[in-house]
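Student: I would like to learn how to read surface patches and salt bridges in a model. Can we work through a case?

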Amino acid sequence: MGYSFSFPFLGDCAKVIKNQVSLYKFVFPPQLEKPTLAFIGLIQALGAIMPIAELQGRWATRVFKGLNGLPSASDMVADIEQKREEMAKRYVKSQHYTIQADYIPYMDELACLAGVKPKLLSLFLMDPKLTVEVFFGPCTSYQYRLRRPGKWDGARKAILTQRERIIKPLKTRVLDDYTGALVPYYLQIFLIVALIAVTFAYFPWSFFPL
């Protein structure tokens with residue numbers, strides 16, 4: 001990350017040791033009696049951070065409202081330790097990789113917890129075209145708005161047109177219709193011939209080197 005982080009104002013509920021903090025799914029402290037505190041965006045993802053923060057916030061909001069529950073403290077601690085063991089096998093021992101996560105697997109994990117991950121099989125039966133784009137296209141936040149909670153009616157259109165929005169900024173500007181050269185074609189030929197004649201007349205050795 002390049003930074004050391006800490007939360008001294010929170011006491012022991014979010015204690016940081018060598019840039020390591022014990023958070024369930026990088027969001028909830030496991031030792032709280034009630035889930036009234038969540039960390040949003042405290043993650044180093046191999047991908048965009050804003051879609052992750054949005055999905056973290058959606059899940060945390062549902063937990064705060066009592067619509068989604070959390071596992072027991074022991075289960076959350078076990079999950080945290082498992083994540084650390086996986087990172088230890090994948091990365092060198094460094095404070096740089098304490099809150100590392102892969103974008104797509106982590107987004108799908110959060111979406112499952114929030115109940116918004118698209119069900120590809122049922123989606124394919126209803127909308128094959130959309131399913132292909134969801135499965136093979138870029139993983140954007142739109143696909144987590146296809147079903148409730150937080151469903152958005154414009155999600156399908158946004159998914160099917162997202163490639164156009166990716167490509168459009170990379171295109172050059174559209175020019176007006178070409179109405180002809182500024183210099184007529186026959187005049188261009190004349191100028192080229194005249195240039196060759198002048199060159200031959202004054203610099204003949206350029207054509208017939210000695």
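**Patch and salt bridges**

Tutor: Helix 5 (residues 128-136) gives the largest share of the nonpolar patch, three residues. Helices here are DSSP runs of H or I, at least four residues, and strands are E runs of at least two, numbered from the N terminus. The model is predicted: local features need pLDDT of at least 70, side-chain atom pairs pLDDT 80 or more, while totals for chains, interfaces and linings use all residues. Numbering starts from 1 along each chain as its sequence is written, and side-chain values use heavy atoms, without hydrogens and water.

Student: Which residues make the nonpolar surface patch?

Tutor: Patch residues have over 30% relative accessible area and no salt bridge; nonpolar side chains are joined within 5 Å, like charges within 9 Å. Here Leu-120, Val-132, Phe-135 and Phe-136 make a patch of about 420 Å². Areas are Shrake-Rupley, with a 1.4 Å probe. Leu-120 lies in helix 4 (residues 120-126).

Student: How many salt bridges does a search of the whole structure find?

Tutor: A salt bridge puts a Lys or Arg side-chain nitrogen within 4 Å of an Asp or Glu carboxyl oxygen. The search finds nine. One of them joins Glu-109 and Lys-25 at 2.3 Å, N to O. That pair links distant parts of the chain, 84 residues apart.

Student: Is Lys-25 buried or exposed?

Tutor: Buried means under 20% relative accessible area, exposed over 50%, partly exposed in between. Lys-25 is buried at 8%. Glu-109 is partly exposed at 23%.

Student: Which residues are linked in a network of salt bridges?

Tutor: Lys-25, Asp-79, Lys-83 and Glu-109. Lys-83 and Asp-79 sit four residues apart in helix 2 (residues 73-90), and both are buried.

Conventions. Buried means under 20% relative accessible area, exposed over 50%, partly exposed in between (1.4 Å probe, protein chains only).
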